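Here is a short briefing to read alongside the model.

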Amino acid sequence: MAVTTDPVADLLTRIRNANAANHDQVEVPASKLKQEICRILQDEGYIKSYGVFRVGVHDVIRIQLKYGPRKEKVITQLKRVSKPGLRIYRGKRELPRVLDNLGIAIVSTSQGVMTDREARRRGVGGEVLCYVW
């Protein structure tokens, strides 16, 4: 198993690639942060479901991708914002609005990982992990 320097980018890339190839599911190495991102993607309706499974000695997250009735993609784009080399933090007033609220920004705050809408509602800022639309 290869060690990645940016596990969130790895997660997003695997989902993006599986989505482009019309796969039904994709597996990624598990971590708490990735599980929280998957929870948000499921809550917001971008993926069908996810589950954590043990494969050998490692845990993996198995993500069931979601498509429309004619196999059209639910996830149009996944964009990594804050990277290990350049972290992007925003205060509660500067949180981004993705495509005029048609998409979501996933933000890591002191109160946990949440969408930009939830962070605005709670009045907290944080690290902008990615955009999804």
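With 133 residues, the protein would have a radius of gyration near 14 Å as a compact globule, and its 15 Å agrees with that; the radius is taken over C-alpha atoms, and the globule rule is 2.2 Å times the number of residues to the power 0.38. Please keep in mind that this is a predicted model, where local features need pLDDT of at least 70, side-chain atom pairs count only at pLDDT 80 or more, and totals for chains, interfaces and linings use all residues. Residues are numbered from 1 along each chain as its sequence is written, and side-chain values use heavy atoms, leaving out hydrogens and water.

**Overall build**

- The protein has three helices and eight strands, which are DSSP runs numbered from the N terminus (helices H or I, at least four residues; strands E, at least two).
- Read from the N terminus, the elements follow the order α-β-α-β-β-β-β-β-β-α-β.
- Along the principal axes, the C-alpha atoms fill a box of roughly 40 × 35 × 25 Å.
- Of the 133 residues, 39% are buried, meaning under 20% relative accessible area with a 1.4 Å probe, protein chains only (exposed is over 50%, partly exposed in between).
- Among contacts (heavy atoms within 4.5 Å) with a separation of 6 or more, 60% link residues 24 or more positions apart.

- Five bridges join β1 to β3, and Val-26 stands opposite Ile-63 in β3.

**A look at Lys-73**

- Lys-73 sits in the loop between β3 (58-65) and β4 (78-80) and is partly exposed, at 38% relative accessible area.
- Not counting residues up to four places away in sequence, Lys-73 touches Asn-19, Ala-20, Asn-22 and Tyr-67.
- The Lys-73 side chain reaches the backbone oxygen of Asn-19 at 3.5 Å.
- Arg-87 is 14 residues from Lys-73 in sequence and 29 Å away in space, C-alpha to C-alpha.

Terms used: A polar contact is a pair of N or O atoms within 3.5 Å; within protein, one must be able to donate a hydrogen and the other to accept it, and residues adjacent in sequence count only if both atoms are side-chain atoms. Two strands pair if DSSP finds at least two bridges between them.
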